[in-house]
Amino acid sequence: MSHRPHVLYVAWGFPPSRGGGVYRALATVNAFVREGFRVTVLTADRQTFEKYTGVDPSLEALVAPGVEVVRVPFAWPAMDTDLRHWSALRMWAPRQWRNRRKKLDRKDFPEIGYGPWREPLERAAVAVHEADPVDLTVATANPNVDFCAAAVLNARFGVPFVMDYRDAWMLDVFDGGLLHEEGGREDRIERSLLAGASEAWFVNAPIRDWHAARHPRLAARMHVVANGYDPDFAPRPRTTRSERPLTFGYIGTASAKVPMREFAAGWRLARERGGDLDGARAQLWGYLGFYATPNPGLLRLVEDHAADGLTYEGPVPKAAVRSTYESFDVCLLILGAGRYVTSGKVFEYAASALPIVSVHDPGNAATDVLRDYPLWFGVADLDPGTIADALEAAARAALTADEATRTACAEFAARYARDLQIEPRVRALREMVENNGGRA
């Protein structure tokens, strides 16, 4: 094949967005570059992230040289707090305005907030292809509207595509039920997209297996591409024992699904018991909620436990992740319930070789990942006493675990480097494109 194949990568959230999925998107794009692809990225405009979700400017410097980033304007009326932009209907009849807004959002694509992006996204994808023919499209969710760019190039020009789910569209990863009606509009669209996709990627085996059972004829196209951790920014493994007072640390996005209230109750109890937790601190790093402004309820929870040494430290730029881990003695993995929930932070935590306290339903997929990690301390339930016991056990391990145990932790984590998860699929896609003669 004489030319470098051209991949169009579609991700609503891409640097400088600070959303959790941005790291997977960044790593995937860079993996395609290493495999010899020319890469164009379709993403939302920078102003969207600056106004609504928060930004991490340090991420833009990590995008591989030569990647072309095309930013498609994105309107988000429901998130606009500037009263000068509000209509009279929104001012005086907010409920009616919200109902009308939801209907408008779903008109072109059934996804509240994101549906209206379908048309500008599809136009942008077609423009990219007409200027420089695309050999392959990879679209990552959520939002699921990202898949529309792949679908339009496939329908009009025969371009093969990959659907990269970070979570799921129909599956509620927290309770295992359906998010949308069986046979409804979302279900029909997803079935059509999956039928046309060359591959579908999922972040863990339980989610992949659920989809394979639901779409058995397509099971061979479904692959697990775990999130993994970024070796260049992951923590260096700690091989030495800690000293009191200990610092317990959480890095991530705390949503309403995260049992932060249960953790705080367990933390207070463990601190009251003294011992190895005498004077210990628990630091929350990242975001309290999905938006730039911290969730008021979670912020109040932290303030209510300030006397217990619980603090919110704010966002962590990617470039500062490693140094933040170096300040921890124990990692706190606090996740929402659900056997399909893993979280990309699981792998980064393991790379630290620190004790890990899992404050989540033991049925979570994260349990399957960490079960053999030498310094893992899970909980059987979310009772404060159970959580306090796990915190105490992790504190004791932080003070006593020897170099051999911590080295075993680092060796366990090495298998989960992000490039090891992504690159096999990227190489397989290069072969597919080459077998198609360079272009579909």
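User: How many bridges join strand β8 to strand β9?

Analyst: First, a heads-up: this is a predicted model in which local features need pLDDT of at least 70 and side-chain atom pairs count only at pLDDT 80 or more, while totals for chains, interfaces and linings use all residues. Residues are numbered from 1 along each chain as its sequence is written, and side-chain values use heavy atoms, leaving out hydrogens and water. Strands (E, at least two residues) and helices (H or I, at least four) are DSSP runs numbered from the N terminus, and two strands pair if DSSP finds at least two bridges between them. Strand β8 covers residues 247-254 and β9 covers 281-288; they run parallel, and the bridge count is eight.

User: Which residue in β11 is the bridge partner of G249?

Analyst: Strand β8 also pairs with β11 (residues 330-334), in the parallel sense and over two bridges. On the β9 side, G249 stands opposite Q283. On the β11 side, the bridge partner of G249 is C331.

User: What is the strand order in the open sheet of six strands?

Analyst: The pairing in this sheet is parallel. Its edge strands, which each pair on one side only, are β10 (310-314) and β13 (376-377). Reading across, the order is β10-β9-β8-β11-β12-β13.

User: Is strand β4 largely enclosed or exposed, and why?

Analyst: Buried means under 20% relative accessible area, exposed means over 50%, and partly exposed is in between (1.4 Å probe, protein chains only). Both faces of β4 are covered, with L136, V138 and T140 buried on one side and T137 and A139 buried on the other. Because five of the five residues of β4 (136-140) are buried, the rest of the structure leaves this strand largely enclosed.

User: Which residue of β5 stands opposite V138?

Analyst: V138 of β4 has Y9 opposite it as well, where β1 (residues 6-10) and β4 pair in the parallel sense over four bridges. β4 and β5 (residues 161-164) likewise pair in the parallel sense over four bridges. In β5, the residue opposite V138 is V162.

User: How far is the sulfur of C331 from the closest cysteine sulfur?

Analyst: A disulfide is a pair of cysteine sulfur atoms within 2.5 Å, and the structure holds zero of them. C331 counts as buried at 0% relative accessibility, and so does C409, at 0%. The closest sulfur to that of C331 is in C409, too far for a bond at 10 Å.

User: Is the W12 and F74 ring pair stacked or edge-to-face?

Analyst: Rings of Phe, Tyr and Trp (its six-membered ring) pair if their centres lie within 6.5 Å, and planes under 30 degrees apart count as stacked, over 60 as edge-to-face and the rest as tilted. Both W12 and F74 are buried. Their ring centres are 5.5 Å apart and their planes sit at 75 degrees, so this pair is edge-to-face.

User: What is the relative accessible area of R24?

Analyst: R24 is in helix α1. Its contacts, not counting residues up to four places away in sequence, include Y9, D164, W201 and R418. R24 counts as buried, because its relative accessible area is 2%.

Terms used
Contact means heavy atoms within 4.5 Å.
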